[in-house]
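Subject: Structure handover

Hello,

Here is the structure you are taking over. Please open it first, then read the notes below it.

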Amino acid sequence: MLYHYVIDNVLPQFNAEAKRRDPKWKDAKNADDLARMKEHEFLNVLEAISVVGKNVKQELQNHCLQLRNACGHPNSLTLGPNRVAAHIETLILNVFSRF
């Protein structure tokens, strides 16, 4: 959802900020191009161009992305329904309902 928002609304600003941070960045033209950037850096660029605020970026980066990564690989992590519901609620309120 965030990739499509960037493409449809702020692609020139995104590319300018990405290039400022990494001079080797090649301008993105589509979602596949945006996916070349690491997700945590993508969120940093979104904050820098005011697509998301500091607190939203921190929540998405430090909690949602970290939890998604922890659950995406075989390990002994176990989550209860309240933690899962809180994760989904954060995504609904800060991503799905906004973008």
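Lys57 and Glu47 meet through their side chains in a salt bridge, with 3.2 Å from N to O. This pair links distant parts of the chain, since Lys57 sits in helix α4 and Glu47 in helix α3, ten residues apart. Lys57 counts as buried, at 12% relative accessibility, while Glu47 is partly exposed at 25%. Please keep in mind that the model is predicted.

Why can such pairs form? Side chains of opposite charge can pair when their charged atoms come close.

The structure holds six salt bridges. Some of them share partners, and these join Glu17, Arg20, Arg21 and Glu41 into one network. Within it, Arg20 forms a salt bridge with Glu17, and their closest N and O atoms are 2.7 Å apart. Arg20 and Glu17 are three residues apart in helix α1, so about one helical turn separates them. Arg21 also forms a salt bridge with Glu17, again with 2.7 Å between the closest N and O atoms. Here the two residues are four apart in helix α1, which also means a separation of about one helical turn. As for accessibility, Glu17 is buried at 11%, Arg20 is exposed at 58% and Arg21 is partly exposed at 35%.

Next, the largest pocket. Its space comes to about 390 Å³. It is lined by 14 residues, and those closest to its centre are Leu2, Glu39, Leu65, Arg68 and Leu91. Helices α1, α3, α4 and α5 each supply at least two residues of this lining. By class, the lining has eleven nonpolar residues, one polar and two charged.

On the surface there is a nonpolar patch formed by Met1, Leu77, Leu79, Val84, Ile88, Ile92, Leu93 and Phe96, which together have about 690 Å² of accessible area. One of these, Phe96, belongs to helix α5, residues 81–96. Phe96 has a relative accessible area of 49%, so it counts as partly exposed.

Two loop residues remain. Ser50 lies in the loop between α3 (39–48) and α4 (54–71). Its phi is near 65°, a positive value in a residue other than glycine. Most residues other than glycine have a negative phi. Ser50 is exposed, with a relative accessible area of 63%. Pro23 is in the loop between α1 (2–21) and α2 (31–34), and it counts as exposed at 68% relative accessibility. Between Pro23 and Gln58 there are 35 residues of separation in sequence and 25 Å in space, C-alpha to C-alpha.

Regards

Methods
Residues are numbered from 1 along each chain as its sequence is written. This is a predicted model: local features need pLDDT of at least 70, side-chain atom pairs count only at pLDDT 80 or more; totals for chains, interfaces and linings use all residues. Side-chain values use heavy atoms; hydrogens and water are left out. Patches are made of residues with over 30% relative accessible area and no salt bridge: like charges are joined within 9 Å, nonpolar side chains (Val, Leu, Ile, Met, Phe, Trp, Tyr) within 5 Å. Accessible areas come from the Shrake-Rupley method with a 1.4 Å probe; for residues, only the protein chains shown count as cover. A salt bridge is a side-chain nitrogen of Lys or Arg within 4 Å of a carboxyl oxygen of Asp or Glu. Buried means under 20% relative accessible area, exposed over 50%, partly exposed in between (1.4 Å probe, protein chains only). On a 1 Å grid over the protein atoms alone, a cavity is a set of points where a 1.4 Å probe fits but cannot get out, and a pocket is an open set with protein on both sides within 12 Å along at least five of seven lines; lining residues have an atom within 4 Å of a point. Grid points are joined across faces, edges and corners, and a volume is the space filled by probe spheres set on the points. Ala, Val, Leu, Ile, Met, Phe, Trp, Tyr, Cys and Pro count as nonpolar, Asp, Glu, Lys and Arg as charged, and the others, Gly among them, as polar.
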